[in-house]
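Reader: I am new to this structure and would like to be guided through it with care. Could we look at it together, one topic after another?

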Amino acid sequence: MGTSFNEQFDQHGAWRREFALRLKLLSEWLKDHELLDAAVEERLRRLETQMRSDKVMVAFVAEFSRGKSELINAIFFAGYKRRIMPASAGRTTMCPTELGYDAEVPPCLRLLPIETRLQPQPLMEWRLAPEKWTRVDLDVNNSAQLAQAFEKVSEVLHVTKDEAKALGFWHDETPEDNPMVGADGKVEVPRWRHALINIAHPLLKQGLVILDTPGLNAIGAEPELTVNLIPQAHAVVFILAADTGVTRSDLAIWREHLISEGEDTASRLVVLNKIDTMWDSLSTPSQVQAQIDRQRATSAEILGLRREQVIPVSAQKGLVAKVNNDAELLVASQLPVLEHALSHGVMGQRQAILRIAVAAAVGELRSEASRALNIRRRDLAEQMQELKGLRGKNTSVIKHMRLRIEQEQRDFDVSGAKIHAVRSVHLKLLREVFALLGTASMKEEMAQLTHALRQPGIKLGVRRAYALTFDRLREGLRKAQATSGEIQSMLNGTFRQLNAEYGFSLQPPKEPDLARFERDLDLVERSHQQYLGVGNALRLAQPEFADRLVRALATRLRAVYESALGEVELWNKAAAAQLDAQLRERRRNFSRRLEAIERIQQAASGLDDRIVEIEVQDTAVDELEAKLTELTAHLVATPAVETTDDDEPLLQQA
């Protein structure tokens, strides 16, 4: 069966730690040899941040009572030898629950009261206000205490219909979706809006984030969950009951929240849970398997998936088997099949994507550092040519050489004014790009969308309002790309001129590709348009709900635009760092040339000594180049998680 998800995630964590160590060694080496300019330093910082903060989110989504929490227990927490997530009969997880690890926060469970839905702040802002959350400290070495604390995510409140309506859990227009009304006329709703669990579980420490979601009613009432968290998950595991297959409510979750028209389904995995309910002593094993296979094929056809993406499992038997070390029962539960799909899908694909990004960044970093070495090599060659030309020359010739170098230095100093003028124009155009991609521009777009959604009546034109908003956002990106094109053209011309006039070897950095952020906008728009179906038309008629949806959109757009601005800033730093580095090296070169002339004037043997010194320095530069290649090659050659040739990944990056 190969490695389990836990084992492969361990390997992924080891790879990341090894990479971080090699990156630190490279940074120290570059600094020691004066190769750490602003652009190189920024690339190193980004690589380190990317590797340290890289998260792999797996979202578990299901209607109530499909065994979702039990599946999480079986895959991730069987090592505690008991249930950790609440998984008793009936409703369990009542609010979205994220399990992750932050070293700066002590082990705890944080719970956001459901009443915060009555206030305008999006979830992202509530995350930054820890004092508003109810906190329960956790003892990670006490499984009983952990399990007891996690029971809180199952807590409910009983409120009036009006209160339930204000919180988004009651809709007069769709009575079939409303919760049951008790004898006292009150309605049961979740006590908590969101839960964050921070524990030092080995997998969570390595960057795994588990998102445990409640059922359809809770998902629909929390737009940020549907339009932000679930779409950004690297894999979504959708759980069905094996005995019922795809029910109407299951299909509603799938169509309205998990998959949109034309979207690649490769990042979706469906689990037919509770196959043990089909184990029948009156049927032969082959008859039972045939029944499971039929349910699997039918579910795949209804959901539009390949059969391999629907995996029959018994989470409960799998957990029991792991706790009791029962290998036979574990095989019968088919849990290892699911773990195999997760490990070779989520982890295999995630690491492949990360390695591609790392290889590209390391390649650019190597180019930046190599350029500095090439400048040194060129300057040494110039000095060598000058000094060899002085052999056998008299004092007057050497004096004339000194005067020529001093004149070159004065001419070079004049280039500073030209470079300053170029930078002024460059910064003016950059400010235009920053304005197009900045917070003010995005706030203006969100204000227009909010105004459109606040128009009275059911929002029959809401899709059009969203489409117009995204059209304007894409147009802003295209304008930013056009302006960056102007900057690139200016850099090309200026660098060519400086290279010709002053002997620089400037090479304009690659222009940022803002078109890929248009693709990010397309993904964001798709997740929102999917949410704007008929099922949510009545919710959108409520101004406070529409406002929540726009705030959720703003949160996700901010991440896209911050990434775009980061690319532009790195591009700018790369151009400026080249200029600074070559100016600095050229000044050093003038000092070294004048020093060599002085030494030659002072002693007859100085010329040959200086030539030998330059030869030694030239050899040292070659050695630095070789060491740079070695160190950067190690970064991209760190062993990856191994997969066999016949492993066909079921999942890809969402």
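**Helices, sheet and confidence**

Author: Helices α3 and α12 are roughly parallel to each other, a term kept for angles under 35 degrees. This is a predicted model, in which local features need pLDDT of at least 70 and side-chain atom pairs count only at pLDDT 80 or more, while totals for chains, interfaces and linings use all residues. Residues are numbered from 1 along each chain as its sequence is written, and side-chain values use heavy atoms, with hydrogens and water left out.

Reader: At what angle do α3 and α12 pack?

Author: Helix α3 covers residues 68-76 and helix α12 residues 315-324, where helices are DSSP runs of H or I with at least four residues, and strands are runs of E with at least two, numbered from the N terminus. Axes are lines fitted to C-alpha atoms, for helices over the stretch in contact, and angles run from 0 to 180 degrees between N-to-C directions. The two axes lie 8 Å apart, and the packing angle is about 30°.

Reader: Which residues of α12 make the contact with α3?

Author: Contact means heavy atoms within 4.5 Å. On the α3 side, Glu70, Leu71, Asn73, Ala74 and Ile75 take part, and they meet, on α12, Ala315, Gln316, Leu319 and Lys322.

Reader: Which residue of β10 is the bridge partner of Leu240?

Author: Strand β9 (residues 235-241) runs parallel to strand β10 (residues 268-273), and six bridges join them. For Leu240, the bridge partner in β10 is Leu272.

Reader: Are α16 and α17 roughly parallel or roughly antiparallel?

Author: The axes of helix α16 (residues 439-453) and helix α17 (residues 462-502) come within 10 Å and cross at roughly 170°. Angles over 145 degrees count as roughly antiparallel, so α16 and α17 are roughly antiparallel.

Reader: Over which residues does pLDDT stay under 50?

Author: pLDDT is the predictor's confidence in each residue, from 0 to 100, and its mean over the chain is 80, with 87% of the residues at 70 or more. Where pLDDT is low, the predicted coordinates should not be read in detail. The stretch where pLDDT stays under 50 is residues 639-654.

Methods
Angles under 35 degrees count as roughly parallel, over 145 as roughly antiparallel, 65 to 115 as roughly perpendicular and the rest as oblique. Two strands pair if DSSP finds at least two bridges between them.
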